[in-house]
Amino acid sequence: MLVIMKNDATEEQVQRVIAEIKNMGYRGVPMPGAIRTAICILGNKGAVEESRLLPLDGVKELMSVTKPYKLVSRETHPQDTIITIENVKIGGSNKPVIMAGPCAIENEKQALTTAEIVKQYGATVFRGGAFKPRTSPYSFQGMGIDGLKILKKVHDETGLLTITEATDHVNLDDVEKYADIIQIGARNMQNYSLLKRAGEAKKPILLKRGFAATIDELLMSAEYIMAGGNHRVILCERGIRTFSDNVRNTLDISAILSIKEVSHLPVVVDPSHAAGRRDYVIPLSRAAIAVGADGLLIEVHHDPVHALSDGMQSLFPEQFAKLMEEIKYIYK
Ligand code: PEP
Ligand code: MN
């Protein structure tokens, strides 16, 4: 249930409604919008006693939310959410944000060299895993905390924002300290202790869709983070498992449209983990921008042939330059 406040409702009136919702045994979360504030009622199992809220000053109407998720829903927040981190804006009608870098941070030279390359061609966020969720226990697992320190150095030396993955609720503490955006990977989309910890984080979260997750399941996971108090959530389509075995994962390009129809959160696309091969990354990026993705998460390495993880899908610097040039025209 949503309490829709009048356009000229005061902050005191909003707080009075939230206090009454608390008296009723529920939680009221304000969702300020460009025109009006809506207050989302959380925790009610059945109907809410409308007669206790409707007469309060500043209340325009009560509206039921038809979806199982509330805070992520466009019914609750009709305008697109725009997430601002330093001078970068993600979502709404802003230019697509390009997050690029290696799958994993391997050493300082590799990270700084790749960061300078992606910056030169227009990326504003540097990606690089320090805690790597690898299918095989014998594969490179990432540099851990030392990788996070390199990531921080990349930020300080290049001015690029940084994104890296937290793989559990314990290492999220360190990721939050060193990175600008916290990534939750496909394998962890339904790791509820991690989602709850992400809800308490003071940094934005990029939540990837699980290999076999529906859109509703992705949105329910985002709801965990928002219900915990962190409203800065970016969703990411990165390909799903289907019967097609021609590529690593099938990029669900229509997911961008479906998510945007029902949710106000920004959606970015990771074509690298969908394709699994670098020659498909540029065409899939063009497609993602054409359907309205708010950004791309791309694997780029200064020397992909010698990459310690996901080298086959990592772009060479000149391919990244080409990608940036091509999506510019599509975006326009
Ligand atoms: C990654 O971005 O490095 C990664 C492991 O992605 P995913 O969780 O989508 O597999
Ligand atoms: Mn990877």
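How much space lies in the largest pocket? About 360 Å³ of space lies there. This is a predicted model, in which local features need pLDDT of at least 70, side-chain atom pairs count only at pLDDT 80 or more, and totals for chains, interfaces and linings use all residues. Residues are numbered from 1 along each chain as its sequence is written, chains are lettered from A and ligands numbered from 1 in the order in which they are written, and side-chain values use heavy atoms, with hydrogens and water left out.

**Pockets**

- Rolling a probe the size of a water molecule over the atoms shows where empty space is left.
- On a 1 Å grid over the protein atoms alone, a pocket is an open set of points with protein on both sides within 12 Å along at least five of seven lines, and a cavity is a set of points where a 1.4 Å probe fits but cannot get out; lining residues have an atom within 4 Å of a point.
- Grid points are joined across faces, edges and corners, and a volume is the space filled by probe spheres set on the points.
- The largest pocket, with about 360 Å³ of space, is lined by 16 residues, of which K95, P96, I98, G122 and M324 are the closest to its centre.
- Two or more lining residues of the largest pocket come from each of β6 (88-90), β7 (97-101) and α10 (317-331); helices (H or I, at least four residues) and strands (E, at least two) are DSSP runs, numbered from the N terminus.
- Helix α10 provides the largest share of that lining, four residues.
- The lining of the largest pocket has eight nonpolar, four polar and four charged residues, where Ala, Val, Leu, Ile, Met, Phe, Trp, Tyr, Cys and Pro count as nonpolar, Asp, Glu, Lys and Arg as charged, and the others, Gly among them, as polar.
- The second largest pocket holds about 230 Å³ of space; 19 residues line the second largest pocket, and K132, P133, R187, H273 and D310 are the closest to its centre.
- By class, the lining of the second largest pocket has nine charged, seven polar and three nonpolar residues.

**Cavity**

- There is one cavity of 30 Å³ or more, and the largest cavity has about 40 Å³ of space.
- R127, G128, G129, F131, K132, I163, T164, E165 and Q183 line the largest cavity.
- Strand β9 (residues 161-165) gives the most to this lining, with three residues.

- H273 lies in helix α8 (residues 271-275) and D310 in the loop between β14 (295-299) and α10, 37 residues apart, so the pair links distant parts of the chain.
- H273 counts as buried because its relative accessibility is 8%; buried means under 20% relative accessible area, exposed over 50%, and partly exposed in between (1.4 Å probe, protein chains only).

**Residue H77**

- H77 is in the loop between β4 (59-63) and β5 (83-85) and is buried, with a relative accessible area of 11%.
- Not counting residues up to four places away in sequence, H77 touches M31, P32 and H264, contact meaning heavy atoms within 4.5 Å.
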